[in-house]
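Open the model in your viewer and keep the selection panel at hand. The stops below each give something to select, followed by what is there.

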Amino acid sequence: MNIFKRARVIYILHRHSIEHELWETVSDKLTLLQGMTAVEMAHLRELATLFLHEKNIYGVQDFHLSDEMRVIIATQACLPILSLGIGLLSGWTDVIVYPDAFQVSRDERDEFGVVHHDLRLLSGEAWSRGPVIFSWQDIQKDLHRWQQGHNVIFHEIAHKLDTLNGSANGMPPLHYAMHPKQWSVAFSAAYERLNQRLQQHHGVCVDSYAATSPAEFFAVFSEYFFCAPDILQEHFEDVFQLLKLYYRQEPLLRRSKIRF
Ligand SMILES: [Zn+2]
């Protein structure tokens, strides 16, 4: 970061820091943050402050967002990049929030080249270089069900990270000393294993939506990485280790500190 950017960041953190009481309220509500160290929490508060300053977070369909709701969104959006830096979330500004699941229409071409018009109900969506869209109802649901591995905000932020190298293919730009081949071999094998189990009508321990595409696999597995890392470690050990290298976080260590 150059000296001018650094000065601006210091200014924002100094002048626009999330108020103490509001931060305490949100931290208490986000029980998935339990187990984080004081240093991690302080850093997360700084990142959330920068996120709130840089992004326009607004409701649509007459949906009003309170400051607390904005901080809840910003804090979770910044958890995946806690050790990666706010720079990975640059290049876009809008966070659009619907009161509940929103409908989108898509034209999709099948394997025979026939175009189908498809209407879908979504809880979140991330556009490459465009806005991130959430359903507040689903964000709220995730506050209570995160231990099952669900978090729409982590999911969409994972898509944003994935598309940093141009396309959503389940492999974000990797750090120096991480090997793309090792990533693609481990992720492809796990993705195929998941699809095979589903085709054979076996039960799976993760949301079957992960089997939709490599991009969804990365996004869904990122949700589990932060919310239910024990499931990934037990059933997808090599993918879990690679996600640990990528996100540079130790979610299992945090889980071990939580008294359920
Ligand atoms: Zn997705």
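Buried means under 20% relative accessible area, exposed over 50%, and partly exposed in between, using a 1.4 Å probe and protein chains only. Helices (H or I, at least four residues) and strands (E, at least two) are DSSP runs, numbered from the N terminus. The model is predicted: local features need pLDDT of at least 70, side-chain atom pairs count only at pLDDT 80 or more, and totals for chains, interfaces and linings use all residues. Residues are numbered from 1 along each chain as its sequence is written, and side-chain values use heavy atoms, with hydrogens and water left out.

**Stop 1: helix H2**

Select residues 20–29, which form helix H2. Its buried residues are Trp23, Val26 and Ser27. Viewed down the axis of H2, these fall within an arc of 100°, so they line one face of the helix; the arc is that of the directions from the helix axis to the C-beta atoms. Glu21 and Asp28, on the other side of H2, are exposed.

**Stop 2: Ile72**

Now pick Ile72, which sits in helix H4. Is Ile72 buried or exposed? Its relative accessibility is 3%, so Ile72 counts as buried. Contact means heavy atoms within 4.5 Å. Leaving aside neighbours within four places in sequence, Ile72 is in contact with Val26, Lys29, Leu30, Trp136, Ile139, Leu143 and Ile153. For a distance check, pick Leu52: Leu52 and Ile72 are 20 residues apart in sequence and 10 Å apart in space, C-alpha to C-alpha.

**Stop 3: helix H5**

Select residues 136–145, helix H5. Trp136, Asp138, Ile139, Asp142 and Leu143 are buried there. Down the axis of H5 they fall within an arc of 160°, so these buried residues line one face of the helix. An α-helix has 3.6 residues a turn, so residues three or four places apart point the same way. What do the buried residues of H5 pack against? The partners are helix H4 (67–78), strand E2 (94–98), strand E6 (132–135) and helix H6 (152–162).

Axes are lines fitted to C-alpha atoms, for helices over the stretch in contact, and angles run from 0 to 180 degrees between N-to-C directions. H5 lies across E2 and E6, and runs at about 70° to E6.

**Stop 4: the sheet**

Show the strands. Two strands pair if DSSP finds at least two bridges between them. The sheet is open, with 4 strands in the order E1-E2-E6-E5 and mixed pairing. Strand E1 (56–59) and strand E5 (124–126) are the edge strands, each pairing on one side only. On average, neighbouring strands of this sheet are turned by 15° against each other, direction ignored.

Go through the pairs in order:

- E1 and E2 run parallel and are joined by 4 bridges; Asn56 has Asp94 in E2 as its bridge partner.
- E2 and E6 pair in the parallel sense over 4 bridges; Ile96 stands opposite Ile133 in E6.
- E5 and E6 run antiparallel, with 3 bridges; the bridge partner of Gly124 in E6 is Phe134.

E6 is covered on both faces: Val132 and Phe134 on one side, and Ile133 and Ser135 on the other, are all buried. E5 and E6 form a hairpin with 5 residues between them, and Arg129 in the turn has a positive phi of about 60°.

**Stop 5: helices H8 and H10**

Select helix H8 (residues 214–227) and helix H10 (residues 237–247), whose axes come within 11 Å and cross at roughly 80°. The two are therefore roughly perpendicular to each other; angles under 35 degrees count as roughly parallel, over 145 as roughly antiparallel, 65 to 115 as roughly perpendicular and the rest as oblique. H8 contributes Phe218, Phe221, Ser222, Phe225 and Phe226 to the contact, and H10 contributes Val239, Phe240, Leu243, Lys244, Tyr246 and Tyr247.

**Stop 6: two backbone checks**

Select His201, in the loop between helix H7 (180–199) and H8. His201 has a positive phi of about 60° although it is not a glycine. At 73% relative accessibility, His201 counts as exposed.

Finish at Arg248, in the loop between H10 and helix H11 (251–257). Its phi is near 55°, a positive value in a residue other than glycine. Arg248 has 47% relative accessibility and counts as partly exposed.
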